[in-house]
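Reader: Hi! Could you walk me through this model? I'd like to go feature by feature.

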Amino acid sequence: MCGIVGIVGKEPVAERLVDALRRLEYRGYDSAGVATIHDGAMDRRRAEGKLFNLEKKLAGEPLPGTIGIAHTRWATHGVPNETNAHPHFVEGVAVVHNGIIENFSELRDELTAEGAVFTSQTDTEVVAHLLAKFTREGMGHRDAMLAMLNRVTGAYALVVMFQDDPGTILSARFGPPLAVGHGRGEMFLGSDAIALAPFTNQITYLVDGDCAVLTANGVTITDFAGKPVERPIQISQAAALMVDKGNHRHFMEKEIYEQPEIISHALSHYVDFASGSIKQKAEAIDFAKLRSLAISACGTAYLSGLVGKYWFERYARLPVEIDVASEFRYRDIPLSKDQAALFISQSGETADTLASLRYCKEEGLPIGAVVNVKESTIAREADAIFPILAGPEIGVASTKAFTCQLAVLAALSIQAGRARGILTEAQEKELVRHLIEMPRIMSKVLNLIQPQIEQLSRDLSRFKDVLYLGRGTSYPLAMEGALKLKEISYIHAEGYAAGELKHGPIALIDEHMPVIVIAPHDRFFEKTVSNMQEVAARGGKIIFITDEKGAAASKLATMATIVLPNVDEVIAPMIFALPIQLLAYHTAVFMGTDVDQPRNLAKSVTVE
Ligand code: F6R
């Protein structure tokens, strides 16, 4: 995680570095810092907490200089305070880092034994000490950089400045992303192209094992042995304008409310509205020939994949192996070439998901990527890209990316069903008809339920623990509901398969434990209602999220019943996602948490 940026140029850089950091704040916001070189002296400002603390500091004590590097931190080693904030300085060397130096402990011992004095608890500081040592020993800056890269292990994007060379920035990538921006008489570095969008749209993406040296006039790239490599310049589509909240209090609220429009846009990429069929999208993946599909992702993206598993197995009779990427990558899963692999990621940079992708690639599987950021590493390394077209998602808690991932997976599973001869043309048309109706129903639901949910959130905010239950595709949705609530309101929540209730969690049920039951009137409804009875019999408070038919069929007393329109099973997960998103959102707002930047989290998780 962490966001890094660097500028070497002709105009003052401090303000522009902070502007770029603002675009990178989604990567971490524990602390931030900027360093520049001016009149032969290197100086820095660092501040604990959100970026505005650094801005305040810079307003009081500005930093002049036309070369600089900056960082917004998501703490891995060392508490988030000013001392641990980057840039780290050692003897005229400044370093910012995203990732983890895995052998930092042994390097630190070695350097300490040689007399180095460490001032922070970070793993990053060993990089600055190594560079200082190699320079002291007489190496040039580039050689010192290569020597340092040959000593550190782990995952890193590093950006470095030397006080005695105010015209050069050095950088290296091994894991977390790094993009070089080409300006006129100025060069830029950033964790992504969005950070650099106000400065340039000409981007060179570094790949793992690249070391880049930037001056105002250009960049030279080598591997870690110093051998020159060529990387193309691409024109980035990243929007130059900072996305704003419009009339909404938070990005999360805006992103919840823009779902009908955005999903309609995403669907138009996959659905031929005129013929009522799915557009053929997967040249690199021949669904007809597959024995099974492997899906891997993290967090909310994993939960969308879990819904996808139900669809691929039901509509295409295609067995799906799915796991969270942090397990998938290490499980030594036996894979064969008659399988394909699908990776789901909003950011397209999640370290574990990327590692799972590379594992499958080595095994020779065709790779599909369901991503939001089309220029991301996961997108670039896939054989087939399935964009979710959700637009920038700024709120750390994923909302519109989740429903857009679902829409894309629904379309792909229908396509697979047709390709495998499981769905008839008429069945495809019927499913597509429901998909086409979805944006209108989403709009209706958002207007319908908002006042009730706001009221209910006040009640929910009084509890310490919440249980979510569901069956079928409502089971991953129950887990998503619990994830959303805990990450932004900090209320402890768990999502369970309703049938698992009596295998353990029922022991928790009492009047202090609200149970949110997600149950459209589908094939599983009666069984879920039986589980609700078991909760009611033990004094549990039920919040029942159902549809009109479900509400009419259930006679149970509840703390609240949220009634949605009756919809087909294929769109129910997207429709039922709305109340669980709004419930988490309003509960968090009521509790006064930082909804868009909840504590300890970051939007892009580029470390294991
Ligand atoms: C939760 C959330 C996270 C992400 C996860 C994967 O609201 O946003 O759980 O879904 O970190 O991120 P991506 O999709 O970028 O790979």
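Author: Happy to. Let's begin with Pro 87, which lies in the loop between strand 4 (67–73) and strand 5 (88–90). Helices (H or I, at least four residues) and strands (E, at least two) are DSSP runs, numbered from the N terminus. This is a predicted model, where local features need pLDDT of at least 70 and side-chain atom pairs count only at pLDDT 80 or more, while totals for chains, interfaces and linings use all residues. Residues are numbered from 1 along each chain as its sequence is written, and side-chain values use heavy atoms, with hydrogens and water left out.

Reader: Thanks! Which kind of peptide bond joins His 86 and Pro 87, cis or trans?

Author: A cis one, with omega at about -5 degrees. Most peptide bonds are trans.

Reader: And what is the phi of Arg 317?

Author: Arg 317 has a positive phi of about 50 degrees, although it is not a glycine. Its place is in the loop between helix 9 and strand 18 (320–324).

Reader: Switching to the ligand: how many residues surround it?

Author: There are 14, and the closest are Ser 345, Gln 346, Ser 347, Thr 350 and Glu 487. A residue is near a molecule if one of its heavy atoms lies within 4 Å of it.

Reader: What about the classes in that shell?

Author: Five residues are nonpolar, seven are polar and two are charged. Here Ala, Val, Leu, Ile, Met, Phe, Trp, Tyr, Cys and Pro count as nonpolar, Asp, Glu, Lys and Arg as charged, and the others, Gly among them, as polar.

Reader: Which polar atoms lie by the ligand's oxygen atoms?

Author: A polar backbone atom of Gln 346 is 2.6 Å from a ligand oxygen. On the side-chain side, a polar atom of Ser 347 lies 2.7 Å from an oxygen atom of the ligand, and one of Lys 484 lies 2.8 Å from a ligand oxygen. A polar contact is a pair of N or O atoms within 3.5 Å.

Reader: Nice. Which elements give two or more residues to the shell?

Author: Those are helix 9 (299–316) and helix 15 (474–489). Helix 9 gives the most, with three residues.

Reader: Which residues does the "active site" annotation cover?

Author: In the unreviewed UniProt entry, Cys 2 and Lys 603. They span 602 residues in sequence, yet no two of their C-alpha atoms are more than 9.8 Å apart, so they gather at one spot.

Reader: And where is Cys 2 found?

Author: Cys 2 is in the segment before strand 1 (3–8).

Key
A polar contact is a pair of N or O atoms within 3.5 Å; within protein, one must be able to donate a hydrogen and the other to accept it, and residues adjacent in sequence count only if both atoms are side-chain atoms. UniProt positions are given in the numbering used here, feature names are shortened, and annotations may be inferred rather than shown by experiment.
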